[in-house]
Amino acid sequence: MNWWDDALHRATAEVILVGALAGLIGVQVVLRRLSFFTMALTHATFPGVVAASIIGVNILVGGAVAGAAVALGVAALTRRRGQDAAAATGVVLSAGFALGAALVATQSGFSRDLSSFLVGSVLTVTVQDLVTTLVALVVVGLVLSVSARPLLLVGFDRAGARAAGLSTGAWDLVLLLTIEVVVVTLVPAAGTILALSLIVAPAAAARLWTDRLPVMSVLAVVFAVGSGLAGLWASGRFDIAAGAGISLTATAVLLLSWLLTRLRPAVSPGAAGRTEVAPA
């Protein structure tokens, strides 16, 4: 039997790939304080996924279209003078999920298991899902590597970025669309709801341990992959949903990191007040 024919083998490979993907983008989400936007994006992706399932096309296509529309809309709204970014993303969050529920209601006897859209079903991923995740990981990794310094400058010194000739709006859009790609890619494994915990929790835990971006990225990937593997093991050992096991494990990593860093003695008298992020 081919190695890829075993569902557990495919699930193991998928959680490693999505863990690396979530860890990489999660650092940007945490540093730019885009957790609320990411949550809104996961909810807004839901109607696109449902619509794609209804008309019989790949759910990633539907999620990508819906997510891109949301990212573009939020980017446009937040650039208007006096427009609150939190208000814009809050409206998107509720409206997106409501639209998804409305689409489901129009289909009497809708046969697809919608819970898999919400919380994922990593044990049913296909080889095609693995290839999609691998391609997304390569693309996102390249984008973040090439754009590391512009994204860091735009995120922490917008005036300096403008003085350097960077278009802050364009770089914001690059980051938002990259987050959207990750969210959509995580749907088969983590669903539109639990994807947020895998993106944010490992990166937030890594942020507690270091202020250096490369180290933070490595730690976030390690924490996310470890959470995925531990959650997958827990799902088989204790007969719980794999998505829930992964989400709970990622949350536990964050809580444990917070506790350990609180107990860790300060390295220097000024360490407690240090907030800067070093690019390298």
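Q: Helices here are DSSP runs of H or I with at least four residues, strands are E runs of at least two, and both are numbered from the N terminus; so in which helix does Ala-204 lie?
A: Before we start, this is a predicted model: local features need pLDDT of at least 70, side-chain atom pairs count only at pLDDT 80 or more, and totals for chains, interfaces and linings use all residues. Residues are numbered from 1 along each chain as its sequence is written, and side-chain values use heavy atoms, with hydrogens and water left out. As for Ala-204, its place is helix H10.

Q: Is Ala-204 buried or exposed?
A: Buried means under 20% relative accessible area, exposed means over 50%, and partly exposed is in between, using a 1.4 Å probe and protein chains only. Ala-204 has 18% relative accessibility, so it counts as buried.

Q: Leaving aside neighbours within four places in sequence, which residues is Ala-204 in contact with?
A: Contact means heavy atoms within 4.5 Å. Gly-26 sits 178 residues from Ala-204 in sequence, with 7.9 Å between their C-alpha atoms. With the sequence neighbours set aside, the contacts of Ala-204 are Val-30 and Leu-254.

Q: How many helices does the protein have?
A: Reading along the sequence, you get α-α-α-α-α-α-α-α-α-α-α-α. There are zero strands, and the helix count is twelve.

Q: At what angle do the axes of H6 and H7 cross?
A: Axes are lines fitted to C-alpha atoms, for helices over the stretch in contact, and angles run from 0 to 180 degrees between N-to-C directions. The axes of H6 (residues 127-146) and H7 (residues 148-156) come within 4 Å and cross at roughly 65°.

Q: Which residues of H7 make the contact with H6?
A: On the H6 side you'll find Leu-144, Ser-145 and Val-146. From H7 come Ala-148, Pro-150 and Leu-151.

Q: How many salt bridges does a search of the whole structure find?
A: A salt bridge is a side-chain nitrogen of Lys or Arg within 4 Å of a carboxyl oxygen of Asp or Glu. Asp-172 and Arg-32 meet in one at 2.5 Å, N to O. Asp-172 lies in H9 (residues 168-185) and Arg-32 in the loop between H1 (7-31) and H2 (35-55), so the pair ties together parts 140 residues apart in sequence. The count for the whole structure is one.

Q: Which helix supplies the largest share of the nonpolar patch?
A: Patches are made of residues with over 30% relative accessible area and no salt bridge, joining like charges within 9 Å and nonpolar side chains (Val, Leu, Ile, Met, Phe, Trp, Tyr) within 5 Å. This patch has about 670 Å² of accessible area together, and its members include Trp-209 and Leu-263. H10 (187-209) and H12 (242-263) each supply at least two residues, and the largest share, five residues, comes from H12.

Q: Where is Arg-33, the residue with a positive phi of about 55° although it is not a glycine?
A: Most residues other than glycine have a negative phi. Arg-33 counts as exposed because its relative accessibility is 75%. Its place is the loop between H1 and H2.

Notes
Accessible areas come from the Shrake-Rupley method with a 1.4 Å probe; for residues, only the protein chains shown count as cover.
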